[in-house]
Amino acid sequence: MSGTSASEYIWKCTSACAGCSSSLILRHVLKAAGPDTVLVVPACCTSVLQGVWPNTSFNIPVYNVAFAAAAAVASGMAAAFESMGRTTNVIAYAGDGGTVDIGIQALSGALERGTNFLYICYDNEAYGNTGMQRSGSTPLGARTTTTPGGKTHVKKDLDRIIAAHHLPYMATACSAYPQDLVKKVQKALSIKGPKFMHILAPCPPGWRYDASQTIEVGKMAVKTGIWAMYEREYDSLTLSGPTKAAMIKPAPLEDYLKMQGRFSSISEDAIRVIRGEIERNLRLLKAEAEGTC
Amino acid sequence: MLTVSTGNNAVAAAVRQANPAVVAAYPITPQTEIVEQIANYVTNGSLKSKYIPVESEHSAMAACIGASITGVRTFTATSSHGLLYMHEMVNWAAGARLPIVMANVNRALGPGWNVWAEHTDALQTRDTGWLQVYVSTVQEAYDATLMAFRIAEDRRVYLPVMINLDGFALSHISQQLEESEVGDFIPPLVLDHAIQTDAPAGYGCMTSSADYFRIRYDIERSMRDSVQVIKETEEAFAQTFGRKYSWTEEYRCEDADVLILAMGTLGKEAEVAVDILRNEGVKAGSMRVRWIRPFPELNLGDRELVVIDRNYSFGFGGILATSIRAKTGKECYNVIAGLGGQEVTYHDIAGFVRDRRIGEEFWFGVDA
């Protein structure tokens, strides 16, 4: 991809599942960031696909930490690099469980303190590496191993929680739109201070679709509007192209739900609630983008 | 320079001398004064550290871990529930072989809610791979903090060190303090396994059982090697600053028939009790245990032992007494005293010796 490093920072033959979109995201993130980068990874799929010591599938230093600690460890690293006058990129790369649930306190603290780092939440909407248990990011009606009848609560609105910290830069992205993702990572890393990206990461075994469909599922999430893509620089919001298109002519939500086995038992009531959530979210984003809210 | 200082301010003054690159801390009673004073130093420019005012103790230790792995000097301080809240990362710091220095102001654990001295907080982390020293005076709090950096950062050790001082009984009392220019007593930190972006590696990643086992064994080997490093550091400290410390601080032990063993301020009080007992013709001595990890070789001979524990392992016994029994095979009279800041005077301690019943356990003020 133009404008990114030709080097690879994830070697072939990782232990990622077939069709894993979070490893695809990470490949692009690291290419956008370049070699002077340290990755902080809490317990999540990424700590698994990194491999077993003494081997590693990553071509940059990766610091693995306990589940709740990624943002705080990154805070310490950023402060240490600053004390040494080094400009090394500090990127925390955490799943949704480590971000919206157990790690949110450390993340909130790091953002509030103005930590100079990029925190990326790759969101596969469940605890992926332990076999798909419910997280706060799991959508309503989705089956997981701890919500066998379908989740009874709506997905936590992480982005508005993050936005309330009034940080210099935050963005949402999706693994199915890598050029958009790379541009956002590069922009984030060009800004000093706390940056946050929330990236949808469809997961074939967890969402129960065929591994060949990873890109299609991601695109359909954006086309239906269930996943919205935008950037927010302080309080100024810019919608990304595919989401603008979805606002004009959304794809049917049912098409997205039907692609995935996890929604096979979803009720009509739950679909109505999700549709309402999508409409409300897009309405608010549009108003923000137009400066009318 | 001679001043009057609290135990907390003595720790902060030593940290200023050691000049860590990063301090990450959360305030908790009775440790608060340490982080307040460090914040003052950073604000008035007399300490050049990056001070990270974290949102929790879990994050305090996590931030120290993140900073330390880049190869810079780090410090934090905590107490009681703060230490328990960071317990996960306390393990992580030792497992990652990071020379983090932390002061822990010993305090009871709720419920009931109690902010006064007890050692159970620190002793709950005694199996984490941290070195632990217990101090008894303001001067010793200062001196042990300086030595902690040199010990932790020695490549034969590369393990974190915890300095323990009794809440309020030492943290908030004022005594004379001699502050010293440290000069080259603490050499610049060289961390062999610091993160290098031009030599990528995975840190803390998944390991096989065999490799995990070897890593644990390496921690134990370094813990054993730390015995020599502590001895060398205490000797170098005595030569540089003229103040001498050793594994146990012994008082009138040479000809003693009965020894009082305790940690922290109660160990210091025991010295006065020894004088009282000697006046009564009881040949008593005091042996204050400073380091609980690594645990010292104790030269106890065939003397009777009165062990005072300001801590307890429920269902088993006082932790110092348990350790002494396990290490030496000798029985003792185990007095549980001072929990939750219970007042224990040197007269009380003399009484424990007079009434000793070797082989038994006694809860001071509670036991009938």
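Start with strand β2 of chain B, residues 22-25: four bridges join it to β3(B), and the two run parallel. Strands here are DSSP runs of E, at least two residues long, and helices are runs of H or I, at least four residues long, numbered from the N terminus. Within that pairing, B:Ala25 stands opposite B:Pro53 in β3(B).

A word on the source. This is a predicted model: local features need pLDDT of at least 70, side-chain atom pairs count only at pLDDT 80 or more, and totals for chains, interfaces and linings use all residues. Residues are numbered from 1 along each chain as its sequence is written, chains are lettered from A and ligands numbered from 1 in the order written, and side-chain values use heavy atoms, with hydrogens and water left out.

Now the whole sheet. Seven strands of chain B form an open sheet, in the order β3-β2-β4-β5-β7-β6-β13, with mixed pairing. Two strands count as paired if DSSP finds at least two bridges between them. The edges are β3 and β13 (291-293) of chain B, each pairing on one side only. Neighbouring strands are turned by 20° against each other on average, direction ignored.

Next, a helix. α2 of chain B, residues 32-43, lies across β2, β3, β4 (74-78) and β5 (101-106) of chain B. Its angle to β3(B) is about 135°. Axes are lines fitted to C-alpha atoms, for helices over the stretch in contact, and angles run from 0 to 180 degrees between N-to-C directions.

On to the interface. 37 residues of chain B are in contact with 40 residues of chain A; contact means heavy atoms within 4.5 Å. The two chains bury about 2800 Å² between them, 66% of it on carbon and sulfur atoms. Buried area is the accessible area (1.4 Å probe) lost on putting two parts together, summed over both. B:Glu55, B:Thr197 and B:Met206 supply 20% of what chain B buries against chain A, more than any other three residues.

How many salt bridges are there between chain B and chain A? Two. The rule is a Lys or Arg side-chain nitrogen within 4 Å of an Asp or Glu carboxyl oxygen. One joins B:Glu55 and A:Arg113, at 2.8 Å, N to O.

Which elements of chain B touch chain A? β3 (50-53), α3 (57-68), α5 (87-95) and β9 (202-203) each supply at least two residues. α3(B) gives the most, with seven.

β2 of chain A, residues 62-64, is joined to β9(B) by two bridges, running parallel. There, A:Val62 has B:Gly202 as its bridge partner.
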